[in-house]
Structure formats: structure tokens, C-alpha cells
Amino acid sequence: MSEITQLTPEFKLISEWITPNSRVLDLGCGDGQLLKHLIDTYGVTGYGMEIDPDKNIQAMQKGLNVIQSNLNSHDLADYFDENSFDYVIMTQALQVVGRPDQLLEDMLAIGKQIIITFPNFGHWRNRAQLLLKGRMPKTDTLPYQWFDTPNIHMCTFNDFEDLCEEKNIEVVARTVVNAEHRSSFGMRIAPNWLGEVALYKVQKKSS
Amino acid sequence: MTENKTKTLGVITPQVMHIESPLSLSGGSVLPRYDLTYETYGELNAEATNAILICHALSGDHHVAGLDADNKAGWWDGYIGPGKPIDTDQFFVVCSNNLGGCRGSTGPSTLNPETGKVYGPDFPIVTCRDWVNSQNELRKHLGIEQWAALVGGSMGGMQVLQWAIDYPDKLRHALVIAAAPKLSAQNIAFNEVARRAIMTDPDFNEGRFIEHNTTPKQGLAQARMLGHLTYLSDDMMGSKFGRERRKEDLQYNYDVEFQVESYLRYQGEKFATKQNFDANTYLLMTKALDYFDPASEFDHDLSKTLAQATAKFLVVSFTTDWRFAPARSHEIVKALLDNDADVSYAEITSEHGHDAFLLPNDHYKGVFTAYMQRVLQDSLAIESTSESAQ
């Protein structure tokens, strides 16, 4: 029970989307908290992938199968066959990779469904800072300077959904929340203005 | 002080296992009887669930940890011992000198009981599979049903792979470090140059150098220089030697001009004169490496080959290793993933090339320690199951 209460709200929301005993790949799994939770609570099997050496060790200490890998390389397509996983999960990493569109395609090739989370550049505070100050926004969710940010491919929810449309990707579910991972009426009405973080569950369109 | 004292293995005395049952070798011949020299560290628990076998690399031997009679530390002492990644307070660790070796196990430099003479070049070439078969006799001899883990780097990693394929139910974990599923043409070529260096040394005497009371020192030294070169990385040699010269002024002769030449000569010389390494063993080990290709029996499909394996795997490679580069470890990982096997993989950043698997490195140590904890948990779980069954 204590495990669950320690789980970040984002991971809790993701967990609710996972069918028990499914096969999961967690890209950029960090210290493995989510994957460990999914294994212990939902009986899933699978792997984590993580590039950072320290996080790698932390995930390994949890007894997880962790593959050290760079999300920018083509490891995914090399390592896994099509539809190897029920879910490929990637939290807060889409905006840091070299080619999010290609990674998305790789993920869709190996996973039946993708669960992905990322910060919304279209949030009103970002828009206001750019409009009023004429400078790149800095907020709690995006605390970096433009020159040192790892977030090299920021997008808005609308941008992401445009990409999905273009790539024939179906949005199965979407949850829009604030930085504390709470939702509100406003976020449901105007997500691209008021939502700070989005969780998407997507899959290839069946056609 | 006392704390420190209990934290070392101290001097280890090697043991010898005499095997009287014949061993059929891959090359077709049969070894009627043979000895394996080995060392052990730590205590085997009552259920024999905590045993680990270390497999050594080309010029390694059974002395992997602790001190030998000459106070020389084992070749992997940094990673094996009390409180170290392979913790001898928890595990019973075994390492044997490979068959065909020259550190006490039966090999080219030991007496052939049939003739009463030194085997020399008549000792049959053995393969990874033969080694694994002989190590399996050692397993039985020690009363171990299943190894908690098999651990090996380089050629040792290949033996671990072979174990996982040939005796899947005899190990729970396989740690394959800086290895490859088979040698590349370039790898074989390097081995061949090393062999030519030894075999063309006038003191080689067609392998009967012991009978002639000679040692092919030049050949051994050259083989070692070449081998050593492939263990280092360009980066590391650059930072260690660069173009640094012995003397300030250029000499324009064929003496040692650059420090790197001096270093290589020293390494070769040391190996050929101080280590007493048998030249026939060197040849045999390189041949065993060349022949290693377990997938050749499974339509050259490594995924199919590793479908036999039931062990959980840790695969480790090092960024600047070009002898067995990370891409070679990827092949192993890929084949294991194809089988939905339990596998973890770490690619350690190091400037030390192939040699890195023997050297201190925080990430490497962290990964090793974390994984060995998992091995320990599994050993304890099995122990408690067998206890409750009683």
C-alpha cells in the first residue's frame, strides 16, 4: 500500500490504463518506479530502457530487466519485433529526443498501444510570457533557459494531435492535468490553454 | 585493523580435481583422464544454492581472487571478495584453470600419462564446449546441482554462453561481459598473426620446445604485444602515450623512439619471460576462440540458439572496446529479447577498451553489485523453498 501512495500522480494515472498481465516496455524508465509498480500490482512483464547510468543501477536494484539504451538511436527497431508489447510507455521524454516523429513510429511498430506523456507548450502561461515579455517561457513545468533546455522539441497538445492525424494514429484516450496532475473543468473545456501535462494513449488506426 | 583483516580473502591454496572418466572432445579425440586445478572462496551453503563459477579469459587462470603463494592478487580481485560485487561473504565462488591451460590443469605442458612425456603439440585442441563439459565435472565433484550464476569476461563470457546453451538447467544467472557470440574475421585474423609469431619462432621447435629445453620467447612476446594492443583503445593510448618520445631529439634509427613502443615491448617481454605462459596453450586458447560459434549448430540463428537458455542474463559491454565492441553484445541481447528472456544490459563508458572489464569503474561496479544482489535474492529464495520442503 505504501508503494502506491509513493507513486507519482502521473504514474498512478498511467497505471489505470494498463490491463493486468500485459507485456510492457518502459522507454526512459528512470529508476524503474513505474515498471516495478506495474509488475508488482498488475503482474505485467517486460523491460525498461534507460540511458542514465545511475538510474540504470537504481532500476536494476529493483530487480528489473533494464536495457541501457539511447532513445535517439535505432535500438528499438533493432531489438524488438513488431507488436512485441501490449504497451510501450514513455513519460516526459518525447520532447527531448532528436526525432519524436520517428520514435513515435518505432514505438507504434513494436507496441500495440503507446502511452505517452509530455508538457504542453500551449499552456496559457507559456503563451503569455512569449506574448508579453517576448522571451522563451520559464515555468515550473519548464524551468530551463532556452539554451540549456533538454526539451528541444516542444509541442502543444494540438501539435501532437496534428502529428497523430498525419501519421494515421488514433488517440484512444487523453487525460489533461495541471503540474500537480489534477484535472479541472476548465482543462476539459480548453485543454490546450489550461492543461500543463497530457497523458495520451494512442494506437495505429485500423484501416 | 581487525575489521580490515577480516575483509580480505588472504592466501588461497589451489586444489586439484582428478577426473577418471573420459572426456570426448569436439575435435573427435578422447581424453581418458585429466586434472582441473581450481580455487574456491567463501563457503558453500547447506543447500548448495550459492555457488558461482567464474570462467577465465585467454591468459587468465584459476587464481581469480585473494593472494597466491607469492602474494600475488587474483586477476579479478577488485570485484571478488568480502564486501565486493561478488561478495564471498554471501557466495561460494569457484574458478578453474581451463583444460589445455598451463597453470596446473591438464594441458600441453603437462605429462601425457600414456607416453610419460610432455604433451606439447600432441595435446588435442579443445573448444568452449569441451571446457564447459569439464567444468560440469567440477560442478558434480563439488556437489552443486545448479550454479547460482556463471560469470565471465571476454573468452570467459563465451563459456558462460555455452553453459547457458548446453546445460540450461545447471545455472540460474549468466553474466556475459565484454564478449561476442562468435569471432569476426578481424578477430580471427589477429589470432592468426599471434599464432604465426609463435610458430615461426626458431625456439618453437614445432611445439616440442619443452623437450628441447627452449622457449619461443620472441614469438610469445610478439603475440602478447599484438594481443595487448587489441585490449587497449585508441583514446586510452592517445591519452597515456600520445606521441611522447623516449629522448627529446629524434634518433632516426630503429630503436625505441616513442614511449608507446617501449610500453608494448615491455608488455611482450614481461609476458614471455616472467609469466611462464606455455606457447602451446596460447595457440590452443586462440583456436578455441576462433572455433566458438554456438549458432553454427542452429542454422546460424543466435535467437534459435539461445532459445535453449533458461538462465537470466546480464550482458555488459564497454564503449571503447573494439575487440568485442558493444555491437557484439547487442547481438546477444537481441537474441535474448527475441526469446522474451530475462535480460539486462549495460554499456559502460570507459576509455580502457577491452581491458575495461578487469578495471575499476563506478558504473560497472554499481551494475555488477546490483545484479549480484538479484542473484543473491534468487539463491535465498531457493534455499528457503528447499528448507520448507523438508
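1. A residue is called buried when its relative accessible area is under 20%, exposed when over 50%, and partly exposed in between (1.4 Å probe, protein chains only). At 45% relative accessibility, A:Asp81 therefore counts as partly exposed.

2. The model is predicted: local features need pLDDT of at least 70, and side-chain atom pairs count only at pLDDT 80 or more, while totals for chains, interfaces and linings use all residues. Residues are numbered from 1 along each chain as its sequence is written, chains are lettered from A in the order in which they are written, and side-chain values use heavy atoms, with hydrogens and water left out.

3. On the interface: chain B gives 21 residues and chain A 18 residues to the contact, where contact means heavy atoms within 4.5 Å. About 1,600 Å² is buried between the two chains, 54% of it on carbon and sulfur atoms. Buried area here is the accessible area (1.4 Å probe) that two parts lose on being put together, summed over both.

4. Chain B and chain A share 2 salt bridges, a salt bridge being a side-chain nitrogen of Lys or Arg within 4 Å of a carboxyl oxygen of Asp or Glu. In one salt bridge, B:Lys334 pairs with A:Asp81, the closest N and O atoms being 3.5 Å apart. B:Lys334 lies in helix H10 of chain B and A:Asp81 in the loop between helix H5 (75-79) and strand E4 (85-91) of chain A, so the pair joins two chains. Helices (H or I, at least four residues) and strands (E, at least two) are DSSP runs, numbered from the N terminus. B:Lys334 is partly exposed, at a relative accessible area of 22%. A network of salt bridges links A:Asp81, B:Lys334 and B:Asp338.

5. Within chain B, the side chains of B:Asp378 and B:Lys312 form a salt bridge (3.3 Å, N to O). B:Asp378 sits in helix H11 and B:Lys312 in strand E11 (residues 312-318), so this pair ties together parts that are 66 residues apart in sequence.

6. Helix H11 of chain B also holds B:Met372, which is buried at a relative accessible area of 1%. Not counting residues up to four places away in sequence, B:Met372 touches B:Ile52, B:Pro85, B:Ile86, B:Phe91 and B:Leu175. Its C-alpha atom is 8.4 Å from that of B:Asp87, 285 residues apart along the chain.
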